[in-house]
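These are my notebook entries on one protein chain.

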Amino acid sequence: MSFIVFILFELNLFSEISNLNNLAYTNYLNGNLKKSIEYYKALYETEKNYNALLNIAMIYKDMDDYKNSLYYLERALDIKRTDDVLTEAGWLYFHTSNIDKARVYFEDAFKLNSNNYNAVLGLATVYSQLGDVIKTVDYLNVYKKLRGDYSGVDYIFAWNYFNFKMYHRAKEYLVATLRKDPSFVEARVPLAQIYLKEGDYNQAWNQYYRILDDVPDHPVAMRMIKIIEGKLTKQPEEIRPPFKINNPTVIDETYDINNLKKSIKLRIAIGANDSGKQRANTELKFRSFGGIGVYGKSGKKYSEIGKNEILRLKYDHGQIYIYSGNNVIKNIFKRGFILKPLDPKNGSIIIESDYKSLNPYFKYSDREYRGDIEIVPLNNGFGLINIVDLEIYLLGVVPAEMEPKWPIEALKAQAVIARTEAVRRYKEGPHKKQGYDLCDTEHCQVYRGVSFEKNSSNKAVFETEGRVLTYNNRLAYSFYHSNCGGYIQSSSEVTGWGRVPYLISHPDYYEKKDGLEPWEFEFWIKGNPEAYCNYPGVVHDNEFRWMRIIKRSEINFKLNKRYNIGELKSIAVMRRSKSGNVNSVKITGSKRSVTVDREHIIRNIFGLNSLKSTLFNVEINRFPDGRIRNVWFYGGGWGHSIGMCQGGAAGMAGKYGKTYKEILNFYFPGTKVKRLKFIKKSK
Ligand SMILES: [Zn+2]
Ligand SMILES: [Zn+2]
């Protein structure tokens, strides 16, 4: 897709406004941090602006200059002692191994305000470092009372119990952490270690295996899995039972899929990899509740199997063999062919999970699709393309991209933008060369087929049938993300995205506001601010606010995988959006330093798998001699924060009774919902 390149001018846009605060903030947004600090200093000198001192302190902190940051926090404290400033200074003392001072500051903050949860967490952490189990647990319990909905709580408990070698308790909290946030791979490492200590090889194997799902070359997991394999007392399939489809999916009769308009047929690559390319399969089993026919591309029928019988495909030296249930070769193909369900109305094809499959997509779960499946020969196997009507495709996208139990108007907004995205890709064809319109991963949009369908999401597709989002009568760029963390990012602020008139920055809330200043951001990201997507009980705990504490060894492993920086020395945030999202970060190692400004790379280089977003505050914890001990991320949101916030859509619909059109108008101002008339594929 083509974007207009947006150039960040060194010259700020408010040049005629003499307001020092604007100058300071604009320079901050443009990444001129030193200039920004100068303007904030001038603002303090001329207007005695107290917040200017705090903003300076936070910019120095982003620059990984904790000494200067503390200097300005202390100056602010000389003027006024507030619990927030004391707490912030306490954390910087803690991270620079000045534990005694940190304790005093946290205690003073706690005396001023016993509800200051960041101070409470500080006290727990200080006492943990001092080896005082009782006080640590006491303060953690207070913290949990104050921030019960925060997904970081369990991990902090686990982290501390693990450090105290109280493994049984650590295990409980690690399991709780992973229940709330299965993508938290870092939590699996200590959990696997605990299972090993307990001699529970099956569960240790399971955890290491799941680490490899996300980080296929994790050195410890790779080594351990080989060591443990011989000690397992159960079959892998028993330890991690696959999801099986044993009965036809029953859908509300009001929504008869045969009544959906057949506007275009889409070709969807099934079981693709993260970059949307087809993975080669060498052996797969198929079945259907109504039987399957095997057809050539010309329409000639070669063979068929009956209800619930198994059709096995096996690739060998450029040929695909088709076996029936009793292992009889039915056909041999060199070219592509098509599997069709024999029940033309409600038929579907199931691909059986197989623990030994080379394609991870088919390892742990049966998959079921409406429409036909074309088998395509690839270099070392065969690929699968689901040929399906646009609206029927959407039935398998909406529930995969949004919780089907969320409010119906949010689901309808999702249906409209998923349809828009599908049609745009059908026309523009990012995968045209590969022979399909969309892949089934996040690269395009997630499509999971029939077994994911729910009445609610089907209803959303039916009630918005044929409707797409347009701008000036053309399909809009209907980007969306899971959760913005409270503030939508403008596409023009993110490297490589460019300016789009309706993808603009604004709070994910009805208030009008033009950006978060450094100090404001600090408490916003560590706190629990109002936002449409802050919707406890509906939006998952780990999405609006999250936390990661990453050990030096793990962050070094990940950074050196991409950049040969040597031992990590420093992480400096160089530029943030108005929303606070990090858009440029400088990483310095013993060998060299790199500056990273691509959204997905910033997310990818920290943590074992990707961080959920670039909306984070990073705090580097060091030993007294300056070596890094670990790195703390206080994060918010999931995804790129551009376009529609899905959690916010749920909040707008559920908390404020907004319709899907109002939701789309809020996230894509100036766009219109229109009905598809005809679609022509651009050649
Ligand atoms: Zn794709
Ligand atoms: Zn949001």
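**Helix pair α17 and α23**

I began with the relation between two helices and noted that α17 and α23 are oblique to each other. The model I am reading is a predicted one. The axes of α17 (residues 408-428) and α23 (residues 646-656) come within 7 Å and cross at roughly 140 degrees. An angle over 145 degrees would count as roughly antiparallel, so the value of roughly 140 degrees leaves this pair in the oblique class. I recorded the crossing of α17 and α23 as right-handed.

Which residues of α17 and α23 meet? From α17 I listed Glu409, Ala410, Ala413 and Gln414, and from α23 I listed Gln646, Ala649, Ala650 and Ala653. Sorted by class, the contact of α17 with α23 has five nonpolar, two polar and one charged residues.

**Helix pair α3 and α4**

I then turned to α3 (residues 50-62) and α4 (residues 66-79), which pack at an angle of about 160 degrees with their axes 7 Å apart. Angles over 145 degrees count as roughly antiparallel, and α3 and α4 are therefore described in that way. The crossing of α3 and α4 is left-handed.

The contact involves Tyr50, Leu53, Leu54, Ile56, Ala57, Tyr60 and Lys61 on the α3 side. On the α4 side I found Tyr66, Asn68, Ser69, Tyr72, Leu73, Arg75, Ala76 and Ile79. By class, this contact of α3 with α4 has eleven nonpolar, two polar and two charged residues.

**Asp64, between α3 and α4**

I looked up Asp64 next, as it lies in the loop between α3 and α4. Its phi is near 65 degrees, a positive value in a residue other than glycine. Is Asp64 buried, exposed or partly exposed? I counted 17 other C-beta atoms within 10 Å, so Asp64 is partly exposed; a buried residue would need 20 or more, and an exposed one 12 or fewer.

**Asn473, between β14 and β15**

Asn473 also has a positive phi, of about 65 degrees, although it is not a glycine. I located Asn473 in the loop between β14 (467-471) and β15 (474-475). Asn473 has 7 C-beta neighbours inside 10 Å and therefore counts as exposed.

**Arg335, between β7 and β8**

Where is Arg335 found? It is in the loop between β7 (329-333) and β8 (337-341). Arg335 counts as exposed because it has 10 C-beta neighbours inside 10 Å.

**The whole chain**

The secondary structure of the protein chain comes to 24 helices and 26 strands. Along its principal axes, the C-alpha trace spans about 85 × 65 × 45 Å. How does the radius of gyration stand against that of a compact globule? For 683 residues such a globule would have a radius near 26 Å, and the chain has 27 Å, so the two agree.

Buried residues make up 48% of the 683 residues. Of the contacts in the protein chain with a separation of 6 or more, 63% are between residues 24 or more positions apart.

Terms used: Residues numbered from 1 in each chain as written. Chains lettered and ligands numbered in written order. Predicted model: local features only at pLDDT ≥ 70, side-chain atom pairs only at ≥ 80, totals over all residues. Axes fitted to C-alpha atoms, helices over the stretch in contact; angles between N-to-C directions. Helix = DSSP H or I, 4+ residues; strand = E, 2+ residues; numbered from the N terminus. Parallel < 35°, antiparallel > 145°, perpendicular 65-115°, else oblique. Left-handed = near helix turned anticlockwise from the far one by under 90°. Contact = placed C-beta atoms within 7 Å. Nonpolar A, V, L, I, M, F, W, Y, C, P; charged D, E, K, R; others polar. Rg over C-alpha atoms; globule rule 2.2 N^0.38 Å.
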